[in-house]
Structure formats: structure tokens, C-alpha cells
Amino acid sequence: MLRAYVRLLCFAAGLLAGVQVPGFIQQYEVVVSAHLTEARRALGPFVEIAERHFGGDLAALTAHYQANPDAVMGETGAGVRGLAARVAHLEAEYTALSGPWYRTAWHVAAAGDRELLRETAADYDYRVPLQPAAIGWGLGIGLSLSLAVEGLIAVLALAGRRRAPQRA
């Protein structure tokens with residue numbers, strides 16, 4: 001009987017955790033999009049300068065800044081290069097989130113930007129959405145967790161039987 005309650009508890013915990021997955025991924029997409037918009041806005045004036053004076057080549061603009069003997073200009077070039085790299089990183093992150101659900105979920109879990117994931121988690125609002133994707137994730141994770149715990153219990157029970165001394 002205790003085993004049935006453990007299985008039920010694991011399923012319920014997995015279900016509740018699983019329904020959070022689509023909402024968390026959606027919130028992560030919002031965070032990435034907001035950071036990308038802000039980074040593009042900050043880079044915009046430098047892109048305009050590069051278009052006017054360097055045929056749109058931002059690398060040539062940063063090289064020009066860094067070639068200047070004035071330390072302030074050189075540091076400005078490094079800042080612009082860093083901002084351009086940030087935009088490229090966020091664009092790649094945003095593109096990775098536009099694939100099929102399984103690739104998006106894998107990307108967030110395995111390769112998502114850790115800083116942005118921490119920001120998303122800090123501001124995440126837990127809820128139980130009744131959307132097909134959330135229900136599917138919840139049932140899948142609940143069933144997986146229940147089966148994993150059930151398998152672990154079975155393995156431990158089998159190991160316990162093998163260790164028990166046999167009576168002659």
C-alpha cells in the first residue's frame with residue numbers, strides 16, 4: 001500500500017513540475033527577446049555610423065576606434081565590439097527557440113544562456129495552465145518519474161532478496 005502512495009505522490013509531483021515546462025520556456029523566450037531588443041537599440045547608433053562611414057562594416061568601425069591613440073576611443077571600440085557580440089549571441093539564442101518543441105526544450109535545458117535562465121527563474125510565476133502542451137508535459141514527466149521510482153524500488157527489492165541469507 002505504501003508503494004502505491006509513493007507511486008501516486010511521484011506522479012503528482014512530476015505532473016505539477018511538468019506543466020511548468022511550457023510556461024517557463026515561453027517566459028525564457030520573452031526574456032531573450034527583451035534583451036535582444038535592448039541590445040539592438042543600444043547598438044543602433046553605431047550601426048548607423050558604420051553605414052555612413054564604413055559601408056555598414058561594424059568591424060571596420062571598431063577597428064577604427066581601436067586604432068585611435070586616444071585610450072577613450074580604443075575602449076569605445078572594445079565596447080562596441082562587445083555589444084555587437086552580445087547582439088549576435090542573443091540572435092542565435094532567439095533563433096534556437098524558434099524550432100520544434102522538442103528542440104526548444106532541449107536547447108533551454110542543455111544550452112540555454114545561464115544568466116538569462118537565472119533571470120527567468122527569479123521572475124517566473126508558477127501556475128497550472130490547462131493548455132495541451134502543459135498537460136502533455138505534465139503527464140509525460142509524471143509518468144516518467146513514477147516509472148523511474150517504481151523501477152528503483154523494484155531494483156532495491158531484488159537486491160535485498162539476493163543479499164538475504166539463504167537457510168538450509
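**Exercise 1. Classify Arg-40 by accessibility and find its salt-bridge partner.**

Step 1. Arg-40 has a relative accessible area of 44%, so Arg-40 is partly exposed (buried is under 20%, exposed over 50%, partly exposed in between, with a 1.4 Å probe and protein chains only).

Step 2. A word on the ground rules: this is a predicted model, in which local features need pLDDT of at least 70 and side-chain atom pairs count only at pLDDT 80 or more, while totals for chains, interfaces and linings use all residues. Residues are numbered from 1 along each chain as its sequence is written, and side-chain values use heavy atoms, leaving out hydrogens and water.

Step 3. The side chain of Arg-40 meets that of Glu-91 in a salt bridge, 3.0 Å from N to O (a side-chain nitrogen of Lys or Arg within 4 Å of a carboxyl oxygen of Asp or Glu). Arg-40 sits in helix α2 and Glu-91 in helix α4 (residues 71-96), so the bridge ties together parts 51 residues apart in sequence. Helices are DSSP runs of H or I with at least four residues, numbered from the N terminus.

Step 4. Glu-91 is partly exposed too, at 32% relative accessibility.

**Exercise 2. Describe how α2 and α4 pack.**

Step 1. Their axes come within 9 Å and cross at roughly 145°; axes are lines fitted to C-alpha atoms over the stretch in contact, with angles from 0 to 180 degrees between N-to-C directions.

Step 2. Now look at who touches whom, with contact meaning heavy atoms within 4.5 Å. Among the residues in the contact are Leu-36, Arg-40 and Phe-46 of α2, and Val-80, Glu-91 and Tyr-94 of α4.

**Exercise 3. Work out the aromatic cluster around Tyr-124.**

Step 1. The ring centres of Phe-24 and Tyr-124 are 5.6 Å apart and the planes stand at 65°, so this pair is edge-to-face (centres within 6.5 Å make a pair; planes over 60 degrees apart are edge-to-face, under 30 stacked, the rest tilted).

Step 2. Phe-24 belongs to helix α2 and Tyr-124 to the loop between α6 (114-123) and α7 (132-163), 100 residues apart.

Step 3. Tyr-124 also pairs edge-to-face with Tyr-126, at 5.0 Å and 90°.

Step 4. Phe-24, Tyr-124 and Tyr-126 therefore form one cluster.

Methods
Helices (H or I, at least four residues) and strands (E, at least two) are DSSP runs, numbered from the N terminus. Rings of Phe, Tyr and Trp (its six-membered ring) pair if their centres lie within 6.5 Å; planes under 30 degrees apart count as stacked, over 60 as edge-to-face and the rest as tilted.
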